[in-house]
Amino acid sequence: MRILKVCRYSLLRSVLTAITLACFVSWASSKLSAQGVASIQSISSQPFVTGFTPVIGPNGGVGGVLVNARGVVGSIERDEGDDLGNRWSEFADVIDDEVLVESQFRVVSLTRLDRALAERIDSGQKLTPEMVFLAGLQRIEYVFTVPDRNDVFLAGPGGAWKTNEAGDVISVKQNRPVLRLEDLLDALRNAPIAKDSGFSCSIEPTDEGMQRYAKLRPQIRSFSRNAVRNIERAVGAQRILLEGIDGTSHFAHVMLAADVMMKRLAMGLETSPVGEMPSYLELLKQHSGGVELTSPRWWMATDYEPMLCSPDRLSWKIRGAGVKTMTEDSVLTDSGRRTFSSRQNRFAKQWADTMTRRYDQLSSSFPIFGDLRNCFDLAVVGALIASEGLAFRADCDWHVLMDPS
């Protein structure tokens with residue numbers, strides 16, 4: 001195994017790899033809207049170029065999106081003073097129909113939602129926007145289980161929403177994506193399935209494609225359109241791998257679209273709204289002397305603090321930023337295999353850490369990142385309700401929320 005030292009030829013080869021990754025993300029993003037309406041199957045059946053690193057790392061991380069909600073639910077701090085449990089009284093009279101009023105404590109009753117959905121379905125009526133967009137919830141901060149009401153409540157900031165020019169559904173005041181009913185349904189219904197592996201999305205070249213590229217790589221001496229076409233033919237069709245979630249779901253499309261946008265930012269194909277967040281390629285150009293080049297990959301994963309719960313484990317507070325960007329390095333061997341490097345690419349890590357710190361700011365400019373965090377929140381809620389048996393403890397009879405039919 002050898003690490004490529006920076007020299008004119010190896011730097012050119014690195015840029016060629018980055019350019020071919022850029023070819024992929026440019027193509028894929030043209031097929032994906034912010035709403036994630038493209039068909040994953042149609043994307044995976046087309047040949048295009050991606051980065052030449054495997055998506056599954058030695059620690060099980062993926063080169064795209066990894067939602068480990070079970071790990072979040074397993075990290076708990078007990079509120080010995082029962083302040084969290086007593087806080088339910090603050091929400092008792094807030095459950096109303098004033099969904100267009102901006103509030104830090106918008107409350108959604110899952111039992112009332114289930115009944116409203118059942119009535120609409122039985123009568124053949126369309127769902128209301130309030131149902132589809134969960135009354136304008138922007139994040140979930142609290143989960144309250146109330147047995148005497150046979151209900152589980154979700155609470156967090158909320159308010160009026162609108163559709164922007166790109167088709168994103170965002171809050172009027174905060175420009176923050178609102179939560180969606182369809183993502184909640186996926187989180188609730190798939191929580192038992194995702195017990196071990198969670199939800200994940202990644203874009204992976206085939207072994208055969210990697211081997212063909214390894215044979216072609218020594219022949220590439222300069223960048224040209226013909227070189228890119230040859231690389232595309234060698235690498236061939238990519239596979240979009242999904243775990244724990246239906247590939248036709250909005251949840252899955254959000255993970256894929258967010259992964260594509262992250263790669264566009266890393267490669268400089270999308271202008272970062274954050275001044276202190278140059279692309280990875282810009283970082284390499286600024287510090288090219290003496291740098292060892294490997295092939296970094298990035299993925300977004302759940303990032304929550306330990307959940308706070310009341311002594312009776314009925315009231316819960318979800319804490320933390322929600323999303324962090326992680327990176328890992330590897331080296332391509334002559335046989336087309338990837339060997340993971342024990343050394344860390346400091347520029348790849350710098351880029352990942354900056355994205356994590358500036359995630360809120362990025363979400364304002366690219367709502368797909370806010371959509372991804374909303375999906376993370378909902379995945380945590382689904383895992384919490386399943387692992388703690390909250391619906392059972394409150395004797396909730398949810399005919400629609402838990403029934404895939």
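Predicted model: local features only at pLDDT ≥ 70, side-chain atom pairs only at ≥ 80, totals over all residues.
Colleague: Let's start with Y280: is this residue buried or exposed?
Modeller: Residues are numbered from 1 along each chain as its sequence is written, and side-chain values use heavy atoms, with hydrogens and water left out. Buried means under 20% relative accessible area, exposed over 50%, and partly exposed in between, with a 1.4 Å probe and protein chains only. Y280 has a relative accessible area of 4%, so Y280 is buried.

Colleague: How do the rings of Y280 and W298 pair?
Modeller: Rings of Phe, Tyr and Trp (its six-membered ring) pair if their centres lie within 6.5 Å; planes under 30 degrees apart are stacked, over 60 edge-to-face, and the rest tilted. Here the centres are 5.2 Å apart and the planes sit at 70 degrees, so the Y280 and W298 pair is edge-to-face.

Colleague: What kind of pair do Y359 and F369 make?
Modeller: Both residues count as buried, because Y359 has a relative accessible area of 3% and F369 is at 0%. Their rings are 5.7 Å centre to centre with 55 degrees between the planes, and the pair is tilted.

Colleague: Which residues touch the most other members of the largest nonpolar core?
Modeller: A nonpolar core is a set of buried Ala, Val, Leu, Ile, Met, Phe, Trp, Tyr and Cys residues joined through side-chain atoms within 4.5 Å. The largest one has 82 residues, and those touching the most other members are V143, M300 and F369.

Colleague: Where do the buried residues of helix α10 lie?
Modeller: Helices (H or I, at least four residues) and strands (E, at least two) are DSSP runs, numbered from the N terminus. The buried ones in α10 (residues 225-235) are A227, V228, I231, A234 and V235. Down the axis they fall within an arc of 125 degrees (taken from the directions from the helix axis to the C-beta atoms), so they line one face of the helix.

Colleague: Where is confidence lowest in the chain?
Modeller: The mean pLDDT of the chain is 75, but pLDDT stays under 50 over residues 1-62. Helix α6 is highest at 94, while the lowest mean, 25, belongs to strand β1.

Conventions:
pLDDT = per-residue confidence, 0-100. Contact = heavy atoms within 4.5 Å.
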